[in-house]
Amino acid sequence: MKLRRIFAIFTACALAASLTACGGSQDTESQADAGETSESTTLSGAIATGGSTSVEKVIGALSESFMELNPDVDITYDPTGSGAGITGAADGTLDLGLSSRDLKEEETAQGLTATTFALDGIAIVVNSENPVSDLSLEQIKGLADGTITNWKDVGGNDAPVVLIGREAGSGTRDGFESIVGVEDVCKYEQELTSTGAVIAGVAANPNAFGYASLSAVDETVKAVTVDGVEATEETVQDGTYKIQRPFIFVTKDGAEQTEQTKAFIEYATSEEVSDLVAQAGAVPLK
Amino acid sequence: MKVKHVIERVMNTVFFICGMVSIAAVLLITIYMVIAGLPAILEIGPIDFLLGQVWQSTAADPKFGILPFIMTSVWGTLGAVVIGVPIGLCTAIFLSKLAPPKLAAIVHPAVELLAGIPSVVYGLIGMMVLVPGVMNLFDLKSGSTLLTAILVLAVMILPSIISVSETALRAVPPEYEEASLGLGATWIETVCKVSVPAAKSGIAAGVVLGVGRAIGEAMAVMMVAGNVANMPGLFKSVRFLTTAVASEMSYAADGSLQKQALFSIGLILFIFIMLINLLLGRILKKGAATK
C-alpha cells in the first residue's frame, strides 16, 4: 500500500518533468518560426561581447531580441568593466567591446573605433519639499564630496545635505561619480541597492539628494535642472544635459568582422530598437 | 515474509539517503566557503582584511578592510540582545506562569505569528515607520542608522527567545515551585528566584538562538541601516557582515578580487554562526547534565 503510494508520487514527478520538457521544446520551435518569417538572411555563429557592467541591461535586451530574430546566432556577454571591454576589442579576444565611456585619445590612436548605440542620462533628484531647483555641475560635485554640507549654500533651506546613492559596482553610481568627477570621495549617508530604493529614500527624507537613471524618475521626487537644463530624453540626445555618457561598441579598425557582428551592430544602432533601449533604462539615439 | 524483508531494506536505504542529503549539504557548503573565501583573505592579508577600517572595493586603489562590518554586526547583535532579551524573557514568564489562560491564548499565537513574518516585511515597516521616526525623534539628518537596525533586530529575535524560554519555564518541575510557596514565598518571588534559575539553560539557549538570527539577518537590516561602510556609531549609517555580501554581490565581476573578498566575508560570517552553534550545543549539553 505504502509502496504503491510512493510509486504514484514518482510517476507524478516524472510526468510533471516530461510535461515541462515538452513545453520547453514547443517554445523554441515557435521562436524558430518567428525568426524564419521575419528575417530572410540566415546568420549563424557566435558573437563574443564584454565590457562595461552598466550596459548589461541594454545589451541583454538587444541581444535577446537579436537572437530571437536569428536563432542560430549566439551572443555572449562578459561583464568585466569598460576598461576590459576596450582591451578585449583591441587584442581581439572580443568581437565587440562594450564601454560606458568614450574612447580616450590614446585608445583611438591604437586603431579603435567607437560606435555609440545608446545614451545614459542620470537625473539628480531631491525631495519635492526642497526649494532648490537648479544646480551647477560644480555645486553637485560639492554636495557629493562633502565640501557643501548645508542646503543654504546652494540657495536652499538651512538644512544638512544627505547623499543617497547606489552600492559600489553599480553602473549608475559609476556613471554619476565619473561624470561629476567625484570617484571614491562621495560622502554617502545611505547606499541602497536599487534605483527604486534611492528614489523612495529621497522621497522619504526632506534633506536628501540622490541620483537615478533618467527613466526611473517619477513624480514622488523632484529632478533638478543642471546648469539650467532639464533632464529629458531630448536634452540628453542633443547633448545639452551634462550628466550623461555614451554606451559604445568598440571595434578594431582593419580587423575582420564576422557577418553576424556586422549585422548586430547595424541592428543595435537602428531606429527599430529605440523602444527596447528605452525599456532597458537607457536613452535611445533617436 | 520475503516481501516484507525487501520493503524493510528499501525503506532503510531511503531514510539513510535522506539523512545523508543534509550532511552532504553542510559538508559541501563548508568546503565551498573555505575554497571560495580563503584566496582573497590570503591575497589581501589576514590582518589587513580583518582589522582594516576602510572598505572601498571599487576604488582605483581598492581597500578591503572588514573591521567596520564585524564591529557593526557585533554591536548590532549586542544591542538587539540588550533590548530583546528582557522583553522576551518577561513575555515568556508571563505566558508560562502568570497569564490567565484566556489571555495566553491570544498572546501565544501572536508570538508565533511574529516568528512567521518574512524579514522583508520587518524591513519594510522599519523603513516606513522607524526610519522617519528615529530621524524626527533624535533630530538626525537621516534615520537610517545602527539604532534603527537594532530596534528591528530586537523585535525579530523576540519569537525565538520567547518560545524557547517558555518551553523551558513550563518544564520546571512543579515540586520546586510548590516547595517555595510552601516556605512562604509569594508567586512572583517563586517565579523569579526558583523557576527562572531552574530554567536558565533553556533560557540561555533561546538567547543564543536569537543571537544567531540577529547576526545572520540580511534583508531587514539592509533596508534600514543605510549600508555605508562606517565604523559603527549609534546614529551612523552602518553596514553589517550580511549586507556587505548582499549589497555588492550582484554587480561584482566574476573572478575579481571584490567578488572573492565578498566570499571571504561570507566565510567570516559562517565562522561566527558556527561558533554560536557550538556555544548553543554546549549550553544544551550542560543543561541536560545538570538535570
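Colleague: Where does UniProt put the "transmembrane region" features in chain B?
Modeller: The unreviewed UniProt entry lists them at residues 12–35, 74–96, 103–125, 145–164, 203–225 and 261–281 of chain B. Bear in mind that this is a predicted model.

Colleague: What does the chain do over residues 12–35 of chain B, helix or strand?
Modeller: That span is 100% helix and 0% strand, with its end C-alpha atoms 34 Å apart. For residues 103–125 of chain B, the figures are 91% helix and 0% strand, and there the end C-alpha atoms lie 27 Å apart.

Colleague: Which helix holds T13(B)?
Modeller: T13(B) sits in helix 1 of chain B, which covers residues 2–44.

Colleague: And why does T13(B) count as exposed?
Modeller: Because T13(B) has 10 C-beta neighbours inside 10 Å, and a residue with 12 or fewer is called exposed. Also, T13(B) and G52(B) are 39 residues apart along the chain, and their C-alpha atoms are separated by 50 Å.

Colleague: Let's stay with chain B. Which residues of helix 8 are buried?
Modeller: In helix 8 (residues 187–198) of chain B, the buried ones are T190(B), V191(B) and S195(B). They span an arc of only 95 degrees around the axis, so they end up on the same side of helix 8 of chain B.

Colleague: What do those buried residues of helix 8 pack against?
Modeller: Helix 3 (67–98), helix 6 (146–170) and helix 7 (174–182) of chain B. On the face of helix 8 turned away from the buried side you find the exposed residues K193(B) and P197(B).

Colleague: OK, switching to chain A. How many helices and strands are there in chain A?
Modeller: Chain A has 10 helices and 11 strands. There are 286 residues in chain A, and 42% of them are buried. Among the contacts in chain A with a separation of 6 or more, 73% come from residues 24 or more positions apart.

Colleague: How is chain A divided into domains?
Modeller: Domain 1 takes 45–119 + 246–279, and domain 2 takes 121–244. The two domain centres in chain A, taken over C-alpha atoms, are 29 Å apart. Where they touch, domain 1 of chain A gives 6 residues and domain 2 of chain A gives 10 residues. The domain 1 side of that contact has 2 nonpolar, 3 polar and 1 charged residues.

Colleague: Which residues are buried in helix 5 of chain A?
Modeller: In helix 5 (residues 137–145) of chain A they are Q139(A), I140(A), L143(A) and A144(A). Their arc around the axis is only 135 degrees, so these residues share the same side of helix 5 of chain A. They pack against strand 4 (112–127), strand 5 (134–135), strand 6 (162–166), helix 6 and strand 8 (208–213) of chain A. After helix 5 of chain A comes G146(A), with a positive phi near 90 degrees.

Colleague: Which residues other than glycine have a positive phi?
Modeller: D184(A) is one of them, with phi near 60 degrees, and N227(B) is another, with phi near 60 degrees too. D184(A) lies in the loop between helix 6 (171–180) and strand 7 of chain A, while N227(B) is in the loop between helix 10 (219–224) and helix 11 (241–249) of chain B.

Colleague: Is N227(B) buried or exposed?
Modeller: N227(B) is buried, because it has 26 C-beta neighbours inside 10 Å. D184(A) has 14 C-beta neighbours inside 10 Å, so D184(A) counts as partly exposed.

Colleague: Now the two chains together. How many residues does each chain bring to the contact?
Modeller: 22 residues come from chain A and 20 residues from chain B. On the chain A side, strand 7 (residues 190–192) supplies the largest share, 3 residues. That side of chain A splits into 8 nonpolar, 9 polar and 5 charged residues.

Colleague: Last topic: which residues touch the most other members of the largest nonpolar core?
Modeller: V125(A), V152(B), L153(B), V224(B) and I265(B), out of 139 residues in that core. Helix 6 of chain B makes the largest share of this core, with 16 residues. Domain 1 and domain 2 of chain A each put in at least three residues.

Colleague: What is V125(A) in contact with, leaving aside its neighbours within four places in sequence?
Modeller: The contacts of V125(A) include I199(A), V202(A), Y211(A), V217(A), V221(A) and K222(A).

Note on methods
Residues are numbered from 1 along each chain as its sequence is written. Chains are lettered from A and ligands numbered from 1 in the order in which they are written. This is a predicted model: local features need pLDDT of at least 70, side-chain atom pairs count only at pLDDT 80 or more; totals for chains, interfaces and linings use all residues. UniProt positions are given in the numbering used here, feature names are shortened, and annotations may be inferred rather than shown by experiment. Helices (H or I, at least four residues) and strands (E, at least two) are DSSP runs, numbered from the N terminus. A residue is buried if 20 or more other C-beta atoms lie within 10 Å of its own, exposed if 12 or fewer, and partly exposed in between; C-beta atoms are placed from the backbone. Two residues are in contact if their C-beta atoms, placed from the backbone, lie within 7 Å. Ala, Val, Leu, Ile, Met, Phe, Trp, Tyr, Cys and Pro count as nonpolar, Asp, Glu, Lys and Arg as charged, and the others, Gly among them, as polar. The arc is that of the directions from the helix axis to the C-beta atoms. Domain bounds come from an automatic or database domain assignment. A nonpolar core is a set of buried Ala, Val, Leu, Ile, Met, Phe, Trp, Tyr and Cys residues joined through C-beta atoms within 7 Å.
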